[in-house]
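A guided reading in running paragraphs would be welcome.

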Amino acid sequence: MADYNTEQFEKDCKALGVTLSDEQIQQFLKYYEMLVEWNEVMNLTAITEYDEVMKKHFVDSISLCKAYDVTQNKTVIDVGTGAGFPGLALKIAFPDLQVTLLDSLNKRINFLNEVIATLGLTGVETIHGRAEDFAKPGKCREKYDLCVSRAVANLSTLSEYCLPFVKVGGKFISYKSEKITEEMNAAQHAVKILGGKMDGQVEFTLPDSDIYRNLFIITKEKSTPAKYPRKAGLPSKEPLS
């Protein structure tokens, strides 16, 4: 990817069926500049080379369109958004989305707020907090059409964090970078308890690369029981099984 440039980024997006305007491309370039600048004083990403950020963060985030119709005016929450992947990248690529970015580290939220203000984005909000707290009734519980996460955790744990945010009839889509058949089988019980149904996976490689990706889809069939998610730490220490 040594010769990766803006034209290649456009081409990669088009390969996913997404055509970006000049303004959107400029927004992504500014986002990249700010990411690298802020990364010098705080740990946002281990990936900082231009070609790798464009492919492994931006194109990867946008690849959600292979599993979900993101062209409609939907409400989306990104749990454990980190430096804004996939949620903020999705907002730039699909401006009609109403996006909430949730992260437990305030310095990341400060970074995201700065990017949002600099790019002049509307219809996107940030929340500083833990999924376990904000998925409670009266907060953000069952408010969203879609929950996405690129967070590194097993599917049972992620489902407990994410499914409570999803409306009945909505979806939770987990971005994975490896084949997860075993993990998927282990999560079946947890997903059912939480009101979800395994709805398959979309496997592919990112455009013009051999980078494997897997979008794992769970549909919310009924309300999540009130006791989930459990208190902070338990979903990761003792995954439902």
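In this predicted model, the charged end of K66 is placed over the ring of F204, at 5.2 Å from the centre of that ring.

The structure contains 9 aromatic pairs. A pair of aromatic rings is described by the distance of the centres and the angle of the planes. For F28 and F58, the ring centres are 4.9 Å apart and the planes stand at 50 degrees, so this pair is tilted. F28 belongs to helix α2, which covers residues 22–39, and F58 belongs to helix α3, which covers residues 50–62; the pair therefore ties together parts that are 30 residues apart in sequence.

With a relative accessibility of 15%, Y32 counts as buried. Y50, at 21%, counts as partly exposed, because the limit for a buried residue is a relative accessible area under 20%.

Which residues form the aromatic cluster? F9, F28, Y31, W38, F58, F85 and F111 together make up one such cluster. Its members thus include F28 and F58, the two residues of the tilted pair.

Helix α3 also packs against another helix. Two packed helices are described by the angle between their axes and the distance between the axes. Helix α1, residues 6–15, packs with α3 at an angle of about 20 degrees, and the two axes are 10 Å apart. This angle makes α1 roughly parallel to α3, because angles under 35 degrees are counted in that way. The crossing of α1 past α3 is right-handed. On the side of α1, the contact is made by T6, F9, D12 and C13; on the side of α3, by Y50, M54, K55, F58, V59 and I62. F9 and F58, both named in this contact, are also members of the aromatic cluster.

The backbone has several features of its own. The peptide bond from F85 to P86 is cis, with omega near 5 degrees. P86 is located in the loop between β1 (75–79) and α4 (87–93), while F85 is one of the residues in the aromatic cluster. Another cis peptide bond joins Y228 and P229, with omega about 0 degrees. P229 lies in the loop between β7 (212–220) and α9 (234–237).

Where do residues other than glycine have a positive phi? One of them is E142, with a phi of about 50 degrees. E142 is found in the loop between α6 (131–134) and β4 (144–149), and its relative accessibility of 24% means that it counts as partly exposed. D208 also has a positive phi, near 55 degrees, and is not a glycine. D208 is placed in the loop between β6 (196–205) and β7, where it is exposed, with a relative accessible area of 60%.

Definitions and conventions: Residues numbered from 1 in each chain as written. Predicted model: local features only at pLDDT ≥ 70, side-chain atom pairs only at ≥ 80, totals over all residues. Heavy atoms only, no water. Phe/Tyr/Trp six-rings, centres within 6.5 Å; stacked < 30°, edge-to-face > 60°. Helix = DSSP H or I, 4+ residues; strand = E, 2+ residues; numbered from the N terminus. Buried < 20%, exposed > 50% of the residue type's maximum accessible area, 1.4 Å probe, protein only. Lys NZ or Arg CZ within 6 Å of the ring centre and 35° of its normal. Axes fitted to C-alpha atoms, helices over the stretch in contact; angles between N-to-C directions. Parallel < 35°, antiparallel > 145°, perpendicular 65-115°, else oblique. Left-handed = near helix turned anticlockwise from the far one by under 90°. Contact = heavy atoms within 4.5 Å.
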